[in-house]
Number of protein chains: 2
Amino acid sequence: MSGKVGPFKVVLPESEMQTSWYNIIPDLPVPLPPPLHPVTREPCTPEDLAPLFPMELIKQEVSQERYIEIPEEVQDVYRLYRPSPLHRAYRLEKELDTPAKIFYKDESVSPAGSHKPNTAIPQAYYNKKEGVTGIATETGAGQWGCALALACKFFGIDLHVFMVKVSFEQKPYRRTMIETWGAQVFASPSDMTNAGRAVLEQDPDSPGSLGMAISEAVEYAVTHENHKYALGSVLNHVCMHQTVVGLEAKAQMEKFGEYPDVVIGCVGGGSNFSGIAFPFMKDKLEGRDVRFIAVEATSCPTLTGGKYEYDYGDQAQTAPIVMMYTLGCNFVPSPIHAGGLRYHGDAPILSLLVHEGYMDAVAYPQVPVFEAAMMFSRTEGMIPAPESAHAIKCAIDEALKCRESGESKNILFNLSGHGLLDMYGYGEYLAGNLRD
Amino acid sequence: MSGKVGPFKVVLPESEMQTSWYNIIPDLPVPLPPPLHPVTREPCTPEDLAPLFPMELIKQEVSQERYIEIPEEVQDVYRLYRPSPLHRAYRLEKELDTPAKIFYKDESVSPAGSHKPNTAIPQAYYNKKEGVTGIATETGAGQWGCALALACKFFGIDLHVFMVKVSFEQKPYRRTMIETWGAQVFASPSDMTNAGRAVLEQDPDSPGSLGMAISEAVEYAVTHENHKYALGSVLNHVCMHQTVVGLEAKAQMEKFGEYPDVVIGCVGGGSNFSGIAFPFMKDKLEGRDVRFIAVEATSCPTLTGGKYEYDYGDQAQTAPIVMMYTLGCNFVPSPIHAGGLRYHGDAPILSLLVHEGYMDAVAYPQVPVFEAAMMFSRTEGMIPAPESAHAIKCAIDEALKCRESGESKNILFNLSGHGLLDMYGYGEYLAGNLRD
């Protein structure tokens with residue numbers, strides 16, 4: 001590789017930080033079905049949600065404003081790691097011998113190692129502003145727990161994290177990270193809540209699931225004074241906070257002099273994919289030709305194998321019922337290493353866009369995903385999170401299609417996080433112990 | 001913290017990448033004593049070093065050129081993560097209530113997580129250019145092993161890594177990272193070499209040391225065809241490659257409109273500190289008032305407790321003898337978590353500058369160092385490597401002195417790497433299990 005190519009990456013200066021998030025709700029092709037109360041099955045009122053979230057986030061959840069200003073205090077914390085770089089993957093292109101151009105947005109640069117702080121920081125900020133002193137949450141792979149621990153430390157809020165047991169055991173370092181930022185961690189199902197105790201009674205060896213951990217966190221929040229709950233994905237306001245990713249990527253693609261033909265992201269609850277996709281989806285809704293591919297794990301195929309219907313967000317059926325692609329709120333996926341992709345449902349906005357035909361979805365088993373992760377590590381250097389490797393696998397497949405067709409498409413994917421805390425999974429892969 | 005402060009960091013665009021390294025040798029206040037042959041004790045000739053290193057690195061080792069061009073091919077790989085950011089630590093300043101301004105250069109952003117790729121990349125490049133097919137090396141904390149594995153993968157060279165046993169056991173994820181980038185790893189002392197077997201005979205439970213692992217790697221390199229050896233610190237060319245750190249930092253401090261009063265770095269073999277310090281040392285040698293503080297671990301106090309004399313670079317006494325601060329080549333430090341600070345000697349150039357009074361040195365035990373690491377994680381977000389936390393501890397102490405004196409000094413330190421692969425040590429600290 002000679003010095004003639006380049007730039008390899010575009011890094012925006014702090015002076016070009018985004019000052020607003022993009023809210024896609026007013027631009028959706030059909031209205032978003034409202035969330036329903038889990039008991040009455042009537043549309044949720046702001047009062048229904050008030051025990052869980054601060055009022056500003058409830059407002060954002062249903063806002064019809066296209067752009068919502070990012071508070072100065074949130075921008076100040078974003079500046080720890082934002083704007084994040086956009087890379088051109090020259091070496092991966094060369095390895096694949098493809099005429100496609102591959103770009104990736106690197107959200108691994110946050111202190112927590114993923115895109116999750118993009119919403120953790122504003123969530124902690126709005127809670128603090130409304131006088132909340134403690135938050136309870138769940139975490140799957142541990143990335144959300146880390147992100148919220150970091151954010152709560154910065155805004156002076158206590159945090160209790162219910163961590164899906166299989167991740168708690170596979171990823172002890174994630175737990176230590178969360179504790180380093182001052183939060184408390186419990187393996188879920190735990191004996192801290194009625195929801196957890198009920199599961200443990202039936203199956204003491206339950207590996208846990210996000211749906212289960214959500215039930216525990218919600219119960220903990222509503223039974224403790226001045227506490228709220230926080231969710232790291234799925235909800236409209238979470239997806240909106242993540243659009244800072246796509247807004248930056250758009251500005252960076254412009255500096256490369258390019259625009260993506262395909263936008264790819266992995267999907268667990270849908271937040272990182274929403275983040276990179278929605279600012280470009282705005283263009284598609286205005287008539288521009290862009291393709292979107294949501295990539296999920298074969299072991300938790302919500303978009304490719306689920307039903308588009310109203311379902312509970314959590315296993316104990318205490319969270320609001322939302323219209324989404326779902327495998328059913330009692331679905332417990334196998335313990336794959338991409339713990340962040342093990343949620344039974346999907347963000348309602350993302351689900352709507354897939355259902356209306358604006359986005360495609362594919363699913364991959366974990367062995368070819370780790371193969372893609374290895375190729376990426378050995379060409380682009382960075383070791384990706386197993387979740388993000390799903391997007392890499394899809395980008396590679398799209399680039400290989402271009403090799404067949406001779407097309408020079410621009411492929412953009414979101415590298416939602418690094419895999420440095422997932423080396424156990426890489427070790428298992430290298431030892432030949434991974435199965436699909 | 002309001003939005004009025006800032007910028008929080010300065011990130012240079014790729015177009016402002018450094019194109020040369022700074023070689024301090026011609027600017028040293030007294031001539032550097034030459035390395036001696038381990039058997040004859042005569043000054044080493046290039047031929048003596050030829051079995052170990054490619055000729056271009058041997059030339060750089062004794063070069064009198066003040067600036068040496070960074071090859072395009074090396075710059076291309078540097079661009080994966082360079083230029084690295086320079087942060088102003090506003091939140092840490094606020095926590096310390098100090099009038100000092102604290103700046104840190106963030107070398108954790110490389111795929112390997114430390115400053116080590118800055119020299120691994122050119123070393124692999126020059127080896128490749130001269131037809132070398134395999135390299136053997138040692139690694140302490142594992143950061144050098146990761147960096148060289150990454151670099152060798154990019155230039156198509158086989159790599160064998162002898163990893164100090166205590167790190168091999170404490171940091172299994174580092175081993176997996178090295179393997180992810182395609183290299184082979186052996187716990188040292190190993191049964192792969194005469195040097196390793198000799199140690200194991202005397203002490204089968206030896207925790208290993210850098211000096212021991214160096215002996216193994218050197219033996220492996222010289223006994224295998226078309227193989228060379230590579231060292232991640234100490235040598236002149238290694239320190240020179242690292243000056244890309246200080247050269248960038250200087251340009252970034254200028255964009256902040258500032259110049260450091262104090263420059264701080266942790267010291268194992270001395271490469272990261274040389275990297276940030278030498279470009280500013282050039283100014284001091286020309287009369288500017290700058291203070292330099294090298295920070296080491298109390299358990300391996302080479303600069304603060306060693307002798308300035310000729311000593312062997314490795315335990316088996318097969319590497320060249322160099323003039324340096326040393327604890328003796330048989331010194332085996334206790335197994336602290338900052339594995340990268342466990343070398344018995346120091347870079348000859350750094351040693352000379354300390355001996356001549358141009359640099360100060362301090363040593364800290366590991367518990368207060370982890371306390372500093374916790375404060376940094378909870379104010380600046382990023383979790384530092386235990387090695388880098390030594391520099392943080394010193395920066396904090398300097399900032400506290402400013403609080404006493406009321407001086408508003410500019411304190412610059414090198415954050416040589418992140419601690420994400422060191423969470424075991426953080427876990428031990430949080431559990432109250434660390435001892436000094």
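Over all chains the structure, which is a predicted model, holds zero disulfides, a disulfide being a pair of cysteine sulfur atoms within 2.5 Å. For Cys239(B) the reason is distance, because the closest cysteine sulfur, in Cys266(B), lies 13 Å away, too far for a bond. Cys239(B) counts as buried, at 1% relative accessibility, where buried means under 20% relative accessible area with a 1.4 Å probe and protein chains only. Cys329(B) is likewise in no disulfide, with the nearest cysteine sulfur, that of Cys300(B), 13 Å away, and Cys329(B) is buried with a relative accessible area of 6%.

The largest cavity holds about 710 Å³ of space, a volume being the space filled by probe spheres set on grid points that are joined across faces, edges and corners.

This largest cavity is lined by 38 residues, and the closest to its centre are Asp106(A), Ser108(A), Val109(A), Ser108(B) and Val109(B); lining residues have an atom within 4 Å of a point. Strand S5 (101-106) of chain A and strand S5 (101-106) of chain B each supply at least two residues of that lining, strands being DSSP runs (E, at least two residues) numbered from the N terminus. By residue class, the lining divides into 22 nonpolar, ten polar and six charged, with Asp, Glu, Lys and Arg as charged, Ala, Val, Leu, Ile, Met, Phe, Trp, Tyr, Cys and Pro as nonpolar, and the others, Gly among them, as polar.

Residues are numbered from 1 along each chain as its sequence is written, and chains are lettered from A in the order in which they are written. Local features need pLDDT of at least 70 and side-chain atom pairs count only at pLDDT 80 or more, while totals for chains, interfaces and linings use all residues, and side-chain values use heavy atoms, with hydrogens and water left out.

Definitions and conventions: Buried means under 20% relative accessible area, exposed over 50%, partly exposed in between (1.4 Å probe, protein chains only). On a 1 Å grid over the protein atoms alone, a cavity is a set of points where a 1.4 Å probe fits but cannot get out, and a pocket is an open set with protein on both sides within 12 Å along at least five of seven lines; lining residues have an atom within 4 Å of a point. Helices (H or I, at least four residues) and strands (E, at least two) are DSSP runs, numbered from the N terminus.
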